[in-house]
Amino acid sequence: MTPREPFAGRRSGSWLAQRCAAFADAGRGVVILLNTQAHARIHLAATLGVLVFGVGLDVSRAEWLALVLAMALVWVSEAINTAIEAVVDLASPALHPLAGKAKDVAAGAVLLASLAALVIGVLVFAKYLPL
């Protein structure tokens with residue numbers, strides 16, 4: 001993937017062409033997330049595992065709702081964390097305590113989201129496991 005020129009304002013073209021370009025940019029962001037972040041690949045494996053278990057165990061609609069919201073929370077927090085890290089690196093290439101604090105707090109948000117998703121997964125899947 002080659003870097004693009006920074007977005008400098010409104011795109012030219014029709015409304016539909018602008019929307020398509022915006023979706024392409026967002027898709028590129030997801031690809032960047034998966035290609036550059038090891039934890040995003042771990043989240044992908046966990047997401048696929050949850051989907052396989054959810055289908056295999058025939059979880060209820062309400063359980064799917066909880067699982068999907070938990071997975072979305074983790075993915076969104078990971079993406080925001082990655083964006084924050086990139087902006088902090090751009091703004092403060094040298095080590096700085098505030099830059100480190102911003103990165104740590106963003107990573108902490110991912111940790112909290114992941115722990116919440118783990119609890120939700122245990123609550124949903126525990127009743128299906130022979131204990």
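This is a predicted model: local features need pLDDT of at least 70, side-chain atom pairs count only at pLDDT 80 or more; totals for chains, interfaces and linings use all residues.

Colleague: How do you know how the protein chain compares with a compact globule?

Modeller: For 131 residues, a compact globule would have a radius of gyration near 14 Å, whereas the protein chain has 18 Å. Taken along the principal axes, the C-alpha atoms fill a box of roughly 55 × 45 × 20 Å.

Colleague: Why are α3 and α4 called roughly antiparallel?

Modeller: The two helices pack at an angle of about 170°, and their axes lie 9 Å apart. Angles over 145 degrees count as roughly antiparallel, so α3 and α4 are given that description. Their crossing is left-handed. The contact of α3 with α4 comprises, by class, 18 nonpolar, four polar and five charged residues.

Colleague: What makes α2 roughly parallel to α4?

Modeller: Here the packing angle of α2 and α4 is about 15°, with 12 Å between their axes. An angle under 35 degrees counts as roughly parallel, and α2 is therefore roughly parallel to α4. The crossing in which α2 passes α4 is left-handed.

Colleague: Which elements give two or more residues to the lining of the second largest pocket?

Modeller: The second largest pocket holds about 260 Å³ of space. Its lining has 14 residues, and those closest to the centre are Ala46, Val50, Val74, Ala117 and Leu118. The elements that give two or more residues to this lining are α2 (38-56), α3 (61-91) and α4 (97-125).

Colleague: How do the residues of that lining divide into nonpolar, polar and charged?

Modeller: Ten are nonpolar, four are polar and none is charged.

Key. Residues are numbered from 1 along each chain as its sequence is written. Side-chain values use heavy atoms; hydrogens and water are left out. On a 1 Å grid over the protein atoms alone, a cavity is a set of points where a 1.4 Å probe fits but cannot get out, and a pocket is an open set with protein on both sides within 12 Å along at least five of seven lines; lining residues have an atom within 4 Å of a point. Grid points are joined across faces, edges and corners, and a volume is the space filled by probe spheres set on the points. Helices (H or I, at least four residues) and strands (E, at least two) are DSSP runs, numbered from the N terminus. Ala, Val, Leu, Ile, Met, Phe, Trp, Tyr, Cys and Pro count as nonpolar, Asp, Glu, Lys and Arg as charged, and the others, Gly among them, as polar. Axes are lines fitted to C-alpha atoms, for helices over the stretch in contact, and angles run from 0 to 180 degrees between N-to-C directions. Angles under 35 degrees count as roughly parallel, over 145 as roughly antiparallel, 65 to 115 as roughly perpendicular and the rest as oblique. A crossing is left-handed if the near helix is turned anticlockwise from the far one by less than a right angle, and right-handed if clockwise. The radius of gyration is taken over C-alpha atoms; the globule rule is 2.2 Å times the number of residues to the power 0.38.
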